[in-house]
2 protein chains.
Amino acid sequence: MNRPIRRSGGRAARVAMRSAPLAEDKRPVRAGLPGGKFQALTDAEVTRIHHAALDALEQIGLSQAPPSGVEILTKAGAILGDDGRLRFPRALVEDMLAKAARNITLHGRDPKYDLDLSGTNVHFGTAGAAVHVVDVETNTYRDSTAQDLHNAAKITHALDNVHFFQRAMVARDISDNLEMDLNTIYACTSGTTKHIGTSFSEPDHVGPGLELIYKLAGGEENFRARPFISNSNCFVVPPMKFAEESCIAMEQCIRGGMPVLLLSAGQAGATAPAPIALAIVQAVAECLAGVVYVNALAPGHPAVFGTWPFVSDLRTGAMSGGSAEQALLTAGCAQMHRFYDLPGGAAAGISDAKVPNMQAGWEQGITNVLAGLSGLNMVYESVGMHASLLGFCLESLVLGDDVLGQVLRCVRGIDVTEDSTSIEAMKAVCLDGPGHYLGSEQTLELMQTEYIYPTLGNRMSPKEWNEAGRPDLIESAIARKNKILAEAQMKFDPEFDAAIRADYNIYFT
Amino acid sequence: MNRPIRRSGGRAARVAMRSAPLAEDKRPVRAGLPGGKFQALTDAEVTRIHHAALDALEQIGLSQAPPSGVEILTKAGAILGDDGRLRFPRALVEDMLAKAARNITLHGRDPKYDLDLSGTNVHFGTAGAAVHVVDVETNTYRDSTAQDLHNAAKITHALDNVHFFQRAMVARDISDNLEMDLNTIYACTSGTTKHIGTSFSEPDHVGPGLELIYKLAGGEENFRARPFISNSNCFVVPPMKFAEESCIAMEQCIRGGMPVLLLSAGQAGATAPAPIALAIVQAVAECLAGVVYVNALAPGHPAVFGTWPFVSDLRTGAMSGGSAEQALLTAGCAQMHRFYDLPGGAAAGISDAKVPNMQAGWEQGITNVLAGLSGLNMVYESVGMHASLLGFCLESLVLGDDVLGQVLRCVRGIDVTEDSTSIEAMKAVCLDGPGHYLGSEQTLELMQTEYIYPTLGNRMSPKEWNEAGRPDLIESAIARKNKILAEAQMKFDPEFDAAIRADYNIYFT
């Protein structure tokens with residue numbers, strides 16, 4: 001090992017070889033890297049939150065379940081009170097936790113994008129229901145459309161560090177709600193073969209929605225074998241109320257073979273308690289009620305434990321998705337998911353900034369890195385989201401790929417092995433060698449496997465930057481976005497696409 | 001506790017009371033919050049790095065010590081080899097570690113800014129030797145001046161989340177190096193009463209420098225009792241070489257009563273090994289040599305263990321201070337400091353971006369939050385730094401205060417107590433109350449003590465933002481910078497200042 005480090009004749013060839021695309025398992029970062037090195041809560045604190053959540057389910061319970069839900073839940077052992085609230089004995093919760101699906105896979109339409117929600121495996125993706133698109137060229141907000149949604153799907157397909165595409169915007173150009181739901185599904189699936197998340201707003205839409213989905217899968221059986229679309233269910237209206245319509249839609253999705261996201265989206269200081277710990281208690285209680293619901297209906301049905309408590313700016317009551325308090329809420333939730341060993345999801349990466357500026361950078365960076373280091377399985381809303389979920393920005397989505405690359409590199413952590421701590425490399429350089437590590441064998445070896453490079457982030461010196469005409473980050477993002485969209489392919493073959501367009505009123509091209 | 005939550009008549013009065021400035025110990029964040037919930041390394045990995053560092057000191061050692069250093073170190077037990085390298089038996093290192101100062105205080109000129117470097121207490125500040133100022137109004141880089149340095153000190157004084165001011169820029173308008181060193185000291189101390197860091201470039205300057213410093217302190221005794229200026233010593237030139245001149249300057253600073261920062265600033269892939277773990281090994285070995293040096297000369301003299309390994313972009317060899325690899329290096333170093341229980345410092349918050357844009361935000365956010373969560377005592381270069389240390393930006397310094405506020409809130413973590421997890425507050429709202437937590441007693445109580453609000457970060461809705469004329473983040477930063485500078489006071493009284501200016505050639509107003 002104690003060889004002198006020299007620039008040998010074969011160096012250029014080695015560099016060229018190392019500049020070629022790396023095999024997936026050699027890349028410095030990828031979907032599903034294990035997190036968990038940041039622990040916002042101690043074990044005792046996790047247990048305290050767990051017991052408080054069980055107390056809340058037993059003593060407060062949830063109101064407003066639909067009749068079908070009341071039947072499913074009371075049959076399983078929940079108790080309907082005179083006040084109309086369903087209360088959950090802890091034994092019931094524990095029984096259902098034992099039945100719940102673990103280590104589930106959320107499938108991509110292309111299997112290479114399958115997400116393995118085991119342990120602390122971390123995946124980043126989009127989500128949300130933004131009603132605006134941020135136009136960085138005019139510095140304005142406009143209504144989001146089906147075309148915007150489809151474009152976001154296409155862009156996501158091209159971004160290495162965005163691992164799934166959950167509907168991020170509402171197609172506001174479609175006034176008919178069923179047409180909107182169907183267009184949402186097709187806009188997403190025709191843009192990317194990564195895992196898709198959608199969200200039915202009305203129970204009546206699930207039937208026609210599943211009909212389209214089965215068609216896209218080449219048949220119901222195919223879909224049930226590899227369900228590549230999950231449904232995001234806001235099954236509760238915090239605090240501690242079921243959302244009737246959404247519960248009915250959820251039952252139908254489960255029967256139709258769709259994995260569900262059990263989404264509890266309270267807002268600390270408004271619809272959830274202001275103390276971060278108690279907001280987690282409430283979110284956990286609500287999602288545990290969801291676990292009972294799902295497993296009483298269909299034991300072991302794939303469901304993501306979706307504690308998504310948000311944060312209020314307590315001065316104004318407005319939501320603040322980019323805050324440190326949000327980062328802590330999400331990190332704490334991730335630890336609760338691990339305590340139950342359930343596949344879990346929460347929100348991070350939301351910016352309160354209206355445009356992709358420095359504020360957006362620190363908000364997305366801090367909240368996403370805490371989510372990743374906490375080992376959150378599904379980090380929703382992690383890219384593109386501005387104005388606390390009201391605006392989605394395609395250029396920010398492209399820039400977010402860089403943010404997530406850095407975040408994933410942090411999640412991967414420090415490689416400490418006999419090799420990576422062997423002082424032989426130091427001896428070779430200090431005692432016998434050139435006195436520096438530039439171009440050393442070890443340096444070249446690690447160039448692509450241990451270090452990640454930004455696509456848009458600029459690392460030029462001031463001199464180089466000046467000579468390059470002082471490139472602007474947003475201009476670079478616009479250019480990359482346009483290039484991706486120009487090169488993107490429709491993800492169904494033209495004949496199939498034409499058939500869909502013949503049967504449905506599709507609002508995008 | 002189970003009281004209904006009502007908007008009682010005294011609410012406005014309570015809100016007003018809570019809008020008043022909070023006592024220091026009630027503020028949601030402050031200097032010295034304990035970190036440590038992120039552990040980049042396992043205990044076994046820490047031990048492995050420690051042993052590798054001891055091996056390196058024993059087998060490789062350091063070359064280029066000045067004659068005085070050779071004398072001090074060999075007398076203590078280091079072995080001078082035929083190759084001119086000083087090697088350190090592990091017993092010597094262990095003995096000196098036992099003598100090293102722990103739980104030191106870095107004093108502010110005003111005691112309220114004292115920094116307690118115990119345990120995992122985290123402090124953020126500036127540092128560096130930028131040669132440019134980033135002018136955000138013209139989007140250009142220009143040479144930095146003594147006035148810029150003084151302005152940065154004044155701004156830092158006004159920023160709650162920047163806890164110390166180490167010289168961040170080189171006063172390039174001063175051609176005489178001694179004049180530059182003296183102006184640096186006065187530019188910093190006359191701008192802020194927070195702890196100051198300076199860096200003598202030549203041994204000959206330490207004498208005149210100390211003379212000025214003693215004058216500023218009102219006498220040598222005063223300074224030795226509360227040394228409010230520390231000296232940053234690049235005492236090594238990695239890999240594994242002492243820096244002769246800097247070592248001599250360090251000896252003089254120590255004799256003069258200045259705390260020292262033992263700074264090892266290798267660059268992974270260039271002057272330090274490319275593997276992150278081995279870069280940490282080298283930095284630890286070099287700083288341990290510094291610990292031996294300091295404690296052999298003056299047992300228990302206050303010194304900060306300054307493992308500052310930087311990162312190369314391995315494609316180009318250029319430094320990348322904003323990278324995830326940098327965040328991990330610094331976080332790993334912080335754990336090594338805790339292993340030795342020594343006061344420690346490292347670099348975070350550097351941006352590779354040339355201007356305070358989204359890239360700057362994610363780079364500063366991610367690297368600073370990892371440093372803070374790791375429990376790094378002194379986070380140097382945490383604000384204002386662009387182009388990988390080549391440019392300092394005053395507007396970015398102001399924005400960085402917001403970044404650090406969010407970071408400190410993450411460091412503070414989740415408050416999990418009986419109160420903060422009691423479901424009584426949920427019962428009050430869900431069973432007997434209004435069904436929401438807005439304006440509840442608990443919400444109002446936490447408004448200022450648990451939540452932190454950005455000064456420049458914008459949380460308006462798109463509608464409000466539009467109505468406010470779509471305020472620009474950089475414009476807001478310029479305005480705040482100008483306001484601070486307009487209101488800032490010289491930190492010595494006018495007569496004293498006049499006397500200094502009579503004795504010295506001062507380049508700023």
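Tutor: Contact means heavy atoms within 4.5 Å. By that rule, 112 residues of chain A are in contact with 112 residues of chain B. This is a predicted model: local features need pLDDT of at least 70, side-chain atom pairs count only at pLDDT 80 or more, and totals for chains, interfaces and linings use all residues. Residues are numbered from 1 along each chain as its sequence is written.

Student: What makes up the area buried between chain A and chain B?

Tutor: Buried area is the accessible area (1.4 Å probe) that two parts lose on being put together, summed over both. Here that comes to about 9600 Å², and carbon and sulfur atoms give 71% of that area. Met358(A), Ile414(A) and Tyr451(A) supply 9% of what chain A buries against chain B, more than any other three residues.

Student: Why is the meeting of Asp313(A) and Arg459(B) called a salt bridge?

Tutor: A salt bridge needs a side-chain nitrogen of Lys or Arg within 4 Å of a carboxyl oxygen of Asp or Glu. The side chains of Asp313(A) and Arg459(B) meet at 2.9 Å, N to O, so the pair qualifies. Between chain A and chain B the count is 6 salt bridges.

Student: How do you know that β9(A) and β10(A) pair?

Tutor: Strands are DSSP runs (E, at least two residues), numbered from the N terminus. Two strands pair if DSSP finds at least two bridges between them. Strand β9 (residues 164-166) of chain A has 3 bridges to β10(A), so they pair, and they run parallel. Phe164(A) stands opposite His195(A) in β10(A).

Conventions. Chains are lettered from A and ligands numbered from 1 in the order in which they are written. Side-chain values use heavy atoms; hydrogens and water are left out. Helices (H or I, at least four residues) and strands (E, at least two) are DSSP runs, numbered from the N terminus.
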